[in-house]
Amino acid sequence: MDLMAYIQDNLAEVTVITGLVFLIVEVWLLGLSTIVLLALGLSTITTGALVWFGVVPATLTAVIAGSGIGAGVLTVLLWWPMKNMQKTVRREYNIHSDLMGLNFVLEAQLDAANPATVRYSGVNWKLVLGPKHRDAILPVGASVKVVAVDVGKFTVEPVETAAE
């Protein structure tokens with residue numbers, strides 16, 4: 001039996017399996033990053049089910065047309081919801097890290113114009129003042145606490161002492 005005859009005899013099943021393959025590629029390999037394969041996979045599965053129940057004729061032309069039209073309609077319907085799902089709130093800096101709360105004694109003056117550096121765990125980290133203390137000038141020997149961590153950068157605030 002040749003391949004085209006097999007596909008024509010089992011068109012509904014082949015169409016559903018093709019749609020599942022599109023969805024697997026979209027979810028596992030691309031991580032839902034494109035809407036095209038998602039819409040094509042869903043429309044191909046739907047078209048295969050419609051062929052199975054006799055609503056759509058069991059011809060290759062009808063299956064391709066139904067899948068294509070369905071993918072176009074689904075793309076239009078899913079565009080805005082998928083785009084809104086991608087919107088995330090960007091924080092000024094990362095507030096989740098095991099390095100938060102570390103205390104350092106400044107070896108150089110720290111202010112908004114002159115960020116200091118500290119070597120920790122083999123890495124030279126740039127120290128910048130947190131938003132509450134942007135105008136502060138911290139002298140050499142002042143204690144600071146890490147309140148946020150970003151790539152190569154500690155955001156710090158002065159350590160409040162009991163005497164203050």
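Thr15 touches Thr44, Thr47, Gly48 and Val63, leaving out residues up to four places away in sequence, where contact means heavy atoms within 4.5 Å. Thr15 itself lies in helix 2, helices being DSSP runs of H or I with at least four residues and strands runs of E with at least two, numbered from the N terminus. Thr15 counts as buried because its relative accessibility is 4%; buried means under 20% relative accessible area, exposed over 50% and partly exposed in between, with a 1.4 Å probe and protein chains only.

This is a predicted model, in which local features need pLDDT of at least 70 and side-chain atom pairs count only at pLDDT 80 or more, while totals for chains, interfaces and linings use all residues. Residues are numbered from 1 along each chain as its sequence is written, and side-chain values use heavy atoms, with hydrogens and water left out.

Thr15 is also one of the residues that line the largest pocket, and Val63 and Thr44 are among the others. A pocket here is an open set of points on a 1 Å grid over the protein atoms alone, with protein on both sides within 12 Å along at least five of seven lines, and lining residues have an atom within 4 Å of a point. Helix 2 (11-29), helix 3 (35-52) and helix 4 (60-86) each supply at least two residues of this lining, and helix 2 gives the most, with 5 residues.

Helix 4 has Ala62, Val63, Ser67, Gly70, Ala71 and Met82 as its buried residues, and these pack against helix 2 and helix 3. Helix 4 also has a kink of about 45° at Leu78, shortly before the proline Pro81, the bend being the angle between axes fitted to the seven residues ending at a residue and the seven starting there.

The largest nonpolar core has 15 residues, and Leu106, Leu110, Leu127, Leu138, Phe154 and Val156 have the most contacts inside it; such a core is a set of buried Ala, Val, Leu, Ile, Met, Phe, Trp, Tyr and Cys residues joined through side-chain atoms within 4.5 Å. Strand 2 (116-120), strand 3 (123-129), strand 4 (143-150) and strand 5 (153-158) each supply at least two residues of this core. Apart from it lies another core, of 7 residues, among them Ile7, Leu11, Val51 and Ala62.

Ala108, in the loop between strand 1 (103-105) and strand 2, is in contact with Ala116, Leu138 and Val140, its neighbours within four places in sequence left aside.

Notes: On a 1 Å grid over the protein atoms alone, a cavity is a set of points where a 1.4 Å probe fits but cannot get out, and a pocket is an open set with protein on both sides within 12 Å along at least five of seven lines; lining residues have an atom within 4 Å of a point.
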